[in-house]
Amino acid sequence: MSSDATKKARSTFFSKWSLVFSKLMWSLWSVLTFLVFCYIAFSALVLYSKEVKMEIIYSHRIRSPWFANLSSCKDFGLVKCEQVYLNGYAGKLGAWFISPASQQYITREAYILYLHGNMGSRAMHHRVQFYKRLSKMGYHILAIDYRGFGDSEGSPSEEGLVEDSKIAYKWLNNRARGFAIYVWGHSLGSAVAVQLSSWLNAERAQLNGVVLEAPFNNITDAIIQTPLALPLYQFLPNFESYLDDVKNVFLSTFWIQKVTSPTLILHDVSDSIININLARKLYAVAKANGSTNVRMIEFDEQLDHCEVSSAKQFKKLFSDFVFHTS
């Protein structure tokens, strides 16, 4: 091949791939522009609509795990459990009642009402693993889905979630037959748990203890530190003013001051969903109010947001808590 022909071939080759590269970069730029536009449009919708904010807070329409048969708890590896439907004010509430697989696990009889966080149902993997751990420790667990979650009827609201927890407590109290009762709230469920506990204390109902796993102080701070909201908080002036419509929603720092039952706060420093500083603020308010019944345990085991119950010292910590409060 002559020198001129070689140069021409090379020029054609580079021109071809330069065109391909240009098209690829243009497509990438178009996709990124579209994504940025969607993010801005979605953010604007969220900022100006309380309804959309609450939809995101609950995220109850995300039915994880998808297509789960919630009427068969044994399909999830729970050895001794029963499907329960409670009569709620907004319709039926789906629930599971899990018992120790064997009497040999029981060293101290105790019943736990588990109030899960946002999104999904009582069948999410980390929740099922929690039931298994607690049942192997010899405890009975009632796990409910609030209205609008899982197979429960109705639509969620702050007042509705608290009402559902009251109905669940009454059912569990009848089942416990005088044995110790605990309320366990995880993430969003911690905000439900403090309201339920404050009501139970005011009513002088039996409540041996409260466990708040990965809790927050108020929903405004919880929103600000989420990965989706953080860019807006950093670059949008007066970002907090756009959250005024939810500033009194799930205000745990208010309700925890009314809780007199022994309270245990559990949080891992690696939590990427609810920053541990929010739990520290909640704890500080409880202590500032003069409570001597609240204790906070901080883990540093890369447990993130949902795996505190798999901590190395968890079994001993919670067993001691039950021993001293039942």
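Residues are numbered from 1 along each chain as its sequence is written, and side-chain values rest on heavy atoms, with hydrogens and water left out. In this predicted model, local features need pLDDT of at least 70 and side-chain atom pairs count only at pLDDT 80 or more, whereas totals for chains, interfaces and linings use all residues.

Strand β6 spans residues 209–213 (strands are DSSP runs of E of at least two residues, and helices are runs of H or I of at least four, numbered from the N terminus). In β6, 5 of 5 residues are buried (under 20% relative accessible area, with a 1.4 Å probe and protein chains only). In a regular strand, side chains alternate between the two faces of the sheet. On one side of β6 lie Gly209, Val211 and Glu213, on the other Val210 and Leu212, and all are buried.

Strand β5 (residues 180–186) pairs with β6 in the parallel sense over 5 bridges (pairing requires at least two DSSP bridges between two strands). Within this pair, Glu213 is the bridge partner of His186. Strand β7 (residues 263–268) also runs parallel to β6, joined to it by 4 bridges, and Leu264 of β7 stands opposite Val211.

The largest nonpolar core contains 57 residues, of which Leu113, Leu115, Ile144, Phe216 and Phe250 touch the most other members (a core is a set of buried Ala, Val, Leu, Ile, Met, Phe, Trp, Tyr and Cys residues joined through side-chain atoms within 4.5 Å). A second, separate core of 34 residues includes Trp96, Met137, Ala143 and Val322.

Note on methods. Buried means under 20% relative accessible area, exposed over 50%, partly exposed in between (1.4 Å probe, protein chains only).
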